[in-house]
Every structure is written in C-alpha cells, then in structure tokens.
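Me: I have a structure open and would like to learn how to read it. Can we go feature by feature?

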Amino acid sequence: MRAHEAGALHADINNQGPAWLRAPADVNALVPALWPRSVTRGADGAVAVAGLSVRDIAAEFGTPVYVLDEADLRSRCRDFRAAFPTEDVFYAGKAFLCRAVVRMIAEEGLHLDVCTGGELATALSAGMPPERIGFHGNNKSVAELGRALDAGVGRIIVDSFTEIDRLTALARERGVRPRVLVRVTVGVEAHTHEFIATAHEDQKFGFSLAGGAAANAAFKILDEGVLELRGLHSHIGSQIFDASGFEVSARRVLALQAQIRDARGVELPELDLGGGFGIAYTTQDDPATPQDLAKRLRKIVDSECAAENLAVPHLSIEPGRAIVGPAVFTLYEVGTVKDLDGLRTYVSVDGGMSDNIRTALYDASYSATLASRASTAQPLLARVVGKHCESGDIVVKDEFLPADVQPGDLVAVPGTGAYCRSMASNYNHVPRPPVVAVRDGQARLIVRRETEDDLLALDVG
C-alpha cells in the first residue's frame, strides 16, 4: 500500500471518526479530566478559567494564545511533591520552560531538569538554585558543561564516553568534583498503553546495557575518581499509562547496580527512573494519579532491591507533561468553516502546526470545544485545522463541535501545555503565540507574542 505524501492522516477517508469517539449528549459539556481544574462554562455560555472569560482573554491578548491556569500547575506540583515526599521530583523543562514557570516550580519545592545551554540559562536567570538543577543531553558541548560546573549544577546525567572525558577534563581544570548519573539504555520502550522489552537500544540516548557500555561507563568514572558517580538513570518513553515498563526497566538497572557493587565494592546511592507519565488528551485516556504512581514505583524498586540484596537507593522522577500539560489550553479564533459535501467539515483556526506540531509529528489526538458561547445545535463531527500551507496542518483530527460553528467563534483545545509552545516554530513566517497565566480572575503575560518585527530583526540580508 502506497503511503500518502501528506501523511497517514490522509491515507484514507473516514467521516465517522475513531471508534472511541462518541457524540456527546451535550455539545457544551466540558470533560473535567481534559481541562485545567478551574475551567468552567459560565452562565453566558463562554468558557472561563479561574473566573476569567476567554472572551476577555482574546480581547486583551489576541489569538492564538496559550492560557495557563497557574493554580492548576501549582496544584499538580504539590500533588507530586505530596506523593513523593522523600524522593526528588525533577520537573522536565523540555515540556515547557520560561522564567515564570521556573519560579513556580521552584516555589513549590520541585527540582528542574534542563537539556541545553538555553534551558540552563533560563533556569539560572529565573533564580532556580543550581544545586536543584539536573543537566541532560546527548551532545553537551564543552561550553555547556563548563557553564554547568561554574554554576554549581547539582547533577549531570552523562550520556557518552566522549562526555565523560570532556567533563573529567573540565572538572580537573576547575578543581571540582561534580555529581553525575549514568544514563542507561535498558532495552525497554514504553508509549501510551504498550511497552516492548527487547531490541530498543538503537537510539541516540544513553549507554547500552546489553552491550556492556553502561557498566564500562560506571567503571571508568569510579576508577578515574574525578567525577562523583551518584547513580544510574533510565528513561523508557512518553505518555505512559502502564507501570509494566518501569518494572522491567528497574529490574535491569538495579541488576547493573548490583554488578557495579560486586565488581567495585560500591553501592550507588541514587536511582532515577525518568518520567513520561501520561495525561488525558481525549476521553480514551485514563492516566494514573501521582499517588498511584508513587505506590507502584516504590513497590517495584523495593522488590527489585530485595531480589538483588541492595539497599533501596534515593529515588528521583522527572514529570514534565504530567505537570504542565493539563494546566494549559490553546485559544483560537475560527476563520472559515468548509463542508466538503458531507465528506468532512473543516474548521480552520488562526494557528496550527506552528503552535502545535504534535498532531502532524506524532499523529497525536486532541479534543476541542466551542469556547466563546454555548450552542443548541446538534453535534457535528469536524476536523480542526490550521492556516499553514500544508495538508497535514491539523490541530484536532476528529471532534464533535456544534453544527452552527462559524467564523469569529473561539475554539479552545485543552492539554497543550507540554511540547506545544516549546516546539513551536515560525513556519510560513507566522509569529509564535504568547503565553498568558491566569490566577484569581487576573491574567498576566509571561511570554509575549512574537511580532513581524521580531522575525525581520533576525533577517540581516
């Protein structure tokens, strides 16, 4: 079968939607699991966040706009902190990072993971205590590593023998002993509801467990004695709802921990099981609570440590999407509505793949609602699309909207806090949207909208 050049979304025609999608009894109803906790629909029919109508947000800040419920984000930080009171919770900054969010997660007692010099600069400029920063990345430059050492970053997750050599040389020059973890590729890949436990070491991250590289990396660090090896790190995937992958991963990493103990007489004190915890994008998703995750992960680690006769190491995790993803929705204005003779209805909005590439890149599913008013019209199966010059510029593949949706309406898409603004682009020279934080009925700009002047400022030709 020949693939469609515009992507799998165009390989066949189906105006019925996916099997899990059902026409709502009330097209105005909001599914609580999909939205920030303060989102409601007011008496006037408009959606409101923390008591502020989306109409007012659109009037003040324009559209598209990412809307962050600050109380929601902070409450999710507290949920993880309460569920993991003796462990370290590292917010994965790659999900979404700006100085305001750094301050929020710092104030809520979380640590922070960064993976580039730019993310590190953002964290430091916002006042994140450097000892609470972890530095990831498969190709950290000499300059980035030097900056991390000079800043006093709390831990560096080493990812290659080249990096070990670079970091060792820099540490010797500075007379410091940075704390490091070895990232281990454990042969487990987990996404959504599935995991596969073999043949997944062909990737750019980490040291191979099966090939012996992970053990050799640990031995090298211990034998040279310049870096302080604190433990091992593993990350198995994203949007995970099933703990089975973590069980296999922990078993394999802790077996390596025992191997290191037996070979060098050193029992490493830390273990990081990564993140990737799933959220609800649509009604088909049923994510675990932080309390449930904590219970399952502790049980897994305790069991595997007992099997290897190891002391239980200090555990850390790295939720990013699970904290910021549900706390944000994107607000758009409808520009055109196109009915393809009953085949499909396209609702075009004033953003698209430049502010949310995940549908085109990952075939991700999202939900949406008519946000500026309520409607008595019947549900209409629609596709929400963007304004870019690509057939694959799709925001929401299938969703029931009111049949009277029209130009000028506001449409809101929940679950856009993670990997939307952080992966946004200027495709077709479209400026990136702003991020607005709302709390107690008040909105404040935390990332301003780009302008055409911003785009032209970089064009020196």
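Me: Leaving aside neighbours within four places in sequence, which residues is arginine 358 in contact with?
Reply: First, keep in mind that this is a predicted model. To read contacts, look past the chain neighbours. Arginine 358 then touches Tyr281, Arg321, Asp363, Ala364, Tyr366, Ala418 and Tyr419.

Me: Is arginine 358 buried or exposed?
Reply: Under 20% counts as buried. Arginine 358 has 7%, so it is buried. It lies in helix H11, residues 358-362.

Me: Which residue does the "modified residue" annotation cover?
Reply: The unreviewed UniProt entry gives it as "N6-(pyridoxal phosphate)lysine". Now locate it. Lysine 94 is in the loop between strand S5 (88-92) and helix H3 (99-107). Its relative accessible area is 42%, so lysine 94 is partly exposed. Setting aside residues up to four places away in sequence, lysine 94 touches Cys115, Glu119, Tyr419 and Ser422.

Me: Which residues of H3 are buried?
Reply: Start with the helix pattern. An α-helix has 3.6 residues a turn, so residues three or four places apart point the same way. In H3, the buried residues are Ala100, Val101, Val102, Met104, Ile105 and Ala106.

Me: What do the buried residues of H3 pack against?
Reply: Strands and helices both. The strands are S4 (65-69), S5, S6 (111-114) and S24 (442-447), and the helices are H2 (70-83) and H4 (117-125). After H3 comes glycine 109, with a positive phi near 90°.

Me: At what angle do H5 and H6 pack?
Reply: Compare the two axes. H5 (residues 142-151) and H6 (residues 161-174) pack at about 45°, with axes 10 Å apart. That angle makes H5 oblique to H6. The crossing is right-handed.

Me: Which residues make the contact?
Reply: H5 gives Val142, Leu145, Gly146, Leu149 and Asp150. H6 gives Glu163, Arg166, Leu167, Leu170, Ala171 and Arg174. By class, this contact has 6 nonpolar, 1 polar and 4 charged residues.

Methods
Residues numbered from 1 in each chain as written. Predicted model: local features only at pLDDT ≥ 70, side-chain atom pairs only at ≥ 80, totals over all residues. Heavy atoms only, no water. Axes fitted to C-alpha atoms, helices over the stretch in contact; angles between N-to-C directions. Helix = DSSP H or I, 4+ residues; strand = E, 2+ residues; numbered from the N terminus. Parallel < 35°, antiparallel > 145°, perpendicular 65-115°, else oblique. Left-handed = near helix turned anticlockwise from the far one by under 90°. Contact = heavy atoms within 4.5 Å. Nonpolar A, V, L, I, M, F, W, Y, C, P; charged D, E, K, R; others polar. UniProt positions renumbered as here; feature names shortened; annotations may be inferred. Buried < 20%, exposed > 50% of the residue type's maximum accessible area, 1.4 Å probe, protein only.
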